[in-house]
Amino acid sequence: MNLDSKIPEGPLENKWSSHKFNMKLVNPANRRKYHVIVVGSGLAGGAAAASLAEQGYNVSCFCYQDSPRRAHSIAAQGGINAAKNYQNDGDSVKRLFYDTVKGGDYRAREANVYRLAEVSADIIDQCVAQGVPFAREYGGYLANRSFGGAQVSRTFYARGQTGQQLLLGAYAALSKQIGLGKVKMYNRHEMLDVVKVDGHAKGIIVRNMISGEVSRHAGDCVVLATGGYGNVFFLSTNAQGCNVTAAYRAHKRGAGFANPCYTQIHPTCIPVHGDQQSKLTLMSESLRNDGRVWAPMSADTAKQIREGKLNPNDVAEDDRDYFLERKYPSFGNLAPRDISSRAAKEACDEGRGVATTGLGVFLDFRDAIKRDGQKTIEERYGNLFEMYQCITGDNPYETPMMIFPAVHYTMGGLWVNYNLESTIPGMFVGGEANFSDHGANRLGASALMQGLADGYFVLPYTVGNYLGEQGVAAAGQVTTDHPAFAEVEADVKGRIEKFMSINGTESPRSFHKRLGNIVWEKCGMARSKEGLEEAIKEIQALKKEFWSNLRVVGDADSLNPELERAGRVADFIEFGELMCRDALMREESCGGHFRVEHQTDDGEAKRDDDNFTFAGVWEYQGDDTDPQLHKEPLIYENVKLVTRSYK
Amino acid sequence: MEKTMNLTLRVWRQKNRLDVGKFVEYQLENISEDSSFLEMLDILSEQLVEGGHEPVAFDHDCREGICGMCSMTINGMPHGPENGTTACQLHMRHFHDGQTITIEPWRAKPFPVIKDLVVDRSPLDRIIQSGGFITGRAGSAVDANAMPISKQIADYAMDAAACIGCGACVAACPNASAMLFTAAKVSHMNSLPQGKAEKDRRSLAMVTTMDGEGFGGCTNIGECEAACPKGIPLDMIAQLNRDYAVAQVKNFFQPVL
């Protein structure tokens, strides 16, 4: 497996600009001869499809929802980082770069992160030009707020709906190109496999989710922007449809999968209420600007609260443990996500948890309301407070919110080089689907930044470079008549037939839930060698059961959510095993990956830089053979590896 | 402690676009009041699958009230009886034990039923494609703070941009008008300085497309505002009417479209 990262030569600050100069260009008149396939219509996919079409390429864009505007980027709440330094508080490209590398616990690729920080400012300009209604001050200039893991105020936001507004910006740009005929949009189409011709990605096989028709699509290259794999845990903050299928199918066709064990557990989600639950809801990290996180000092007090005998507002100051402020005084309630999540788990493990299940801590706005008045708090977080009340029935202005960590984002993904090209030539991967920028932990407000950086400012260059290298004579030469398409299409159809013909007794949803339980218990917030080995065995057993006892009702040639879920769960099961293998291999704790064997005396993550400063990239070897591990060494020339401290 | 309830559901079942469709009754037991409405439907689905029947097809995705995918009329009201809420954010505590709940798809001619509760809302996308954008090619933007925008205008634009494109306004309107949807986008973009260059073109093109897609006219009934999960106000329609009238006059003297 070729893991040449293709990081350009030269000093960090000049890499991207010199690379842009050195990349191949395609003459504007020739661009219309090329056809680019983009899978996914979120921030990365939508922005890439729109930008490539603006340049003159023909684009086909696919999404499983009924409209590109519904991609799950839309649910991001808090904000987007950019090194604008509009607050004059010491921000710079270098500081955003440094914060992001440190936030990722020194497991990201320096050159990629620097480029991300560099283009971050352009993203804000671009979005404002598109009419994204960012929050503004009375003077008319853009407002900022703070997010975790940073000591400057660099987060731009649109109330609690930043992801929505950014996505609608990309959607508007995409819509314009659809209207002009430069982008052909395929809604309610699910990508089920990738087609390679002479080793290069030249097309995909999709299923029309309404008619059930399986069809072939050929292009000069393929861009995957298909999001993360958080739903492997069954319960997560992801949308119901989010899945790993496109990425995992590509993996099975030769794309290396990097760092699957890097999953982010977000500290501020609404606690689980019972076994009928289908998803977890995030409460934006921005709330930690004003809310104080605490648990009762004693297990006894916690018990009284759980049983409803004690109102949390009546808990005396001495009996409140503001554990983030206590443990991490310099970052306080804005400690990064991995650290805050573990601290909350620790409090609950000690029996000091609240909520009916004992799996919850408080996020309290009492002091902020006293200080700034309810009106100000309402202006800042009104919609989030309403959402909380709608879900829980509690009014957070009166009684403290309860929160608990939940799976939120996945830093791992398909391996890509500096050009965002996977180990399959001609297959590019953007946004959450790739692995490159966040290392072992993502800082708040960085996902939107990365998705849009990839979509607006990186892929439009690097895809052009690839097409230029292929030469204009190659444009449009591969068609769906090529035998490779027939072969892959037959595989896809065979798989669908298999799902429909098992005729067992258990629903796809039930298998999904069982898989989620295994990985959450054993590959969730705390992982151990023993637990992971058990998990791998359990998942293998589950896989056997799945393929012999699955029941899919309905038929394959009409809208069938059961069939859709069956396909996704089949891939999640195999992927879950890969994730556990990766977690087992990584004998250290870093970022979101916490191995109980590797911790300091005070319970902090203990990295092993001598042995694990690499990206772990897995190569698929066949269904009955263990995947092979490859390593891309991470070389730090500009940042000194130190123990990550937020104390 | 957790309270549960037993329910009777009357659900619209329709195999495909051409099928006639009918209400089918189901009994559900032990639904937690903390469950969301869609989680209640998940339980129904599992129950149906267990019996070897096809579950009810319905659109849903984010389940946090922002993607706009969920679309069902509950007891005659799009997204159900609670104000300012999408179906996915509606919780069972707003219902009571023994209640009968009627669930049907969006009813509007431009939104044909695909299956059960799933409808085709692509006409809304086409309205946006005709003009619901501010042209700002990637790479061409000036510095974000180059042009101050008063907080008042930015807030107004944000109020309008909060639309999630679910189509409840159309489903609620006796005329199946898409005026509130179109007005929200027009108001968002026309109010910002960045959107001024294409203002007249946008107003004309979007209204023309809206009419062409078969949506009805607006007769100021106001059901749309009541059904909107994001509280888009009726005033925005007034804004659209003003902008459209101005654009028409200008277009008469100097065509913009």
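1. A residue is buried if 20 or more other C-beta atoms lie within 10 Å of its own, exposed if 12 or fewer, and partly exposed in between, with C-beta atoms placed from the backbone. By that count I221(B) is partly exposed, because 14 other C-beta atoms lie within 10 Å. I221(B) sits in the loop between α6 and α7 (223–227) of chain B. Helices (H or I, at least four residues) and strands (E, at least two) are DSSP runs, numbered from the N terminus.

2. This is a predicted model, in which local features need pLDDT of at least 70, side-chain atom pairs count only at pLDDT 80 or more, and totals for chains, interfaces and linings use all residues. Residues are numbered from 1 along each chain as its sequence is written, while chains are lettered from A and ligands numbered from 1 in the order in which they are written.

3. What does I221(B) touch? Neighbours within four places in sequence aside, I221(B) is in contact with C173(B) and P174(B). Two residues are in contact if their C-beta atoms, placed from the backbone, lie within 7 Å. N175(B) is 46 residues from I221(B) in sequence, yet the C-alpha atoms are 9.4 Å apart.

4. Chain B as a whole. It has 8 helices and 7 strands. Its C-alpha atoms fill a box of roughly 65 × 40 × 35 Å, taken along the principal axes. Of its 257 residues, 54% count as buried. Among contacts in chain B with a separation of 6 or more, 71% join residues 24 or more positions apart.

5. One helix pair in chain B is α2 (residues 122–131) with α6 (residues 199–212). Their axes come within 8 Å and cross at roughly 155°. That makes α2(B) roughly antiparallel to α6(B). Axes are lines fitted to C-alpha atoms, for helices over the stretch in contact, and angles run from 0 to 180 degrees between N-to-C directions. Angles under 35 degrees count as roughly parallel, over 145 as roughly antiparallel, 65 to 115 as roughly perpendicular and the rest as oblique.

6. Who makes that contact? From α2(B) come R126(B), I127(B), S130(B) and G131(B); from α6(B) come R201(B), R202(B), A205(B), M206(B), T209(B) and M210(B). By class these are 4 nonpolar, 3 polar and 3 charged residues. Ala, Val, Leu, Ile, Met, Phe, Trp, Tyr, Cys and Pro count as nonpolar, Asp, Glu, Lys and Arg as charged, and the others, Gly among them, as polar.

7. A helix pair in chain A: α15 (residues 508–523) and α16 (residues 529–549). Their axes come within 9 Å and cross at roughly 170°. α15(A) and α16(A) are therefore roughly antiparallel to each other. On α15(A), the residues are F511(A), R514(A), L515(A), I518(A), V519(A), K522(A) and C523(A); they meet G531(A), L532(A), E534(A), A535(A), E538(A), I539(A), L542(A) and F546(A) of α16(A). This contact has 10 nonpolar, 1 polar and 4 charged residues.

8. The largest nonpolar core has 284 residues. A nonpolar core is a set of buried Ala, Val, Leu, Ile, Met, Phe, Trp, Tyr and Cys residues joined through C-beta atoms within 7 Å. V223(A), L224(A), L414(A), V170(B) and L180(B) have the most contacts inside it. Helix α13 (residues 447–470) of chain A gives the largest share, 12 residues. Beyond four places in sequence, the contacts of L224(A) include V39(A), A250(A), L414(A) and V429(A).

9. How many residues does each chain bring to the contact between the chains? Chain A brings 66 and chain B 67. On the side of chain A that touches chain B, α6(A) gives the most, with 9 residues. That side divides into 26 nonpolar, 27 polar and 13 charged residues.

10. Is R115(A) buried or exposed? R115(A) is buried, with 26 other C-beta atoms within 10 Å. It lies in helix α5 of chain A. Y418(A) is 303 residues from R115(A) in sequence but 9.6 Å away in space, C-alpha to C-alpha.

11. Two backbone points to check. Most residues other than glycine have a negative phi. N259(A) has a positive phi, near 50°. N259(A) lies in the loop between β10 (257–258) and β11 (263–269) of chain A, and counts as buried, with 32 C-beta neighbours inside 10 Å. K6(A) also has a positive phi, near 55°. K6(A) is in the segment before α1 (12–22) of chain A, and counts as partly exposed because it has 13 C-beta neighbours inside 10 Å.
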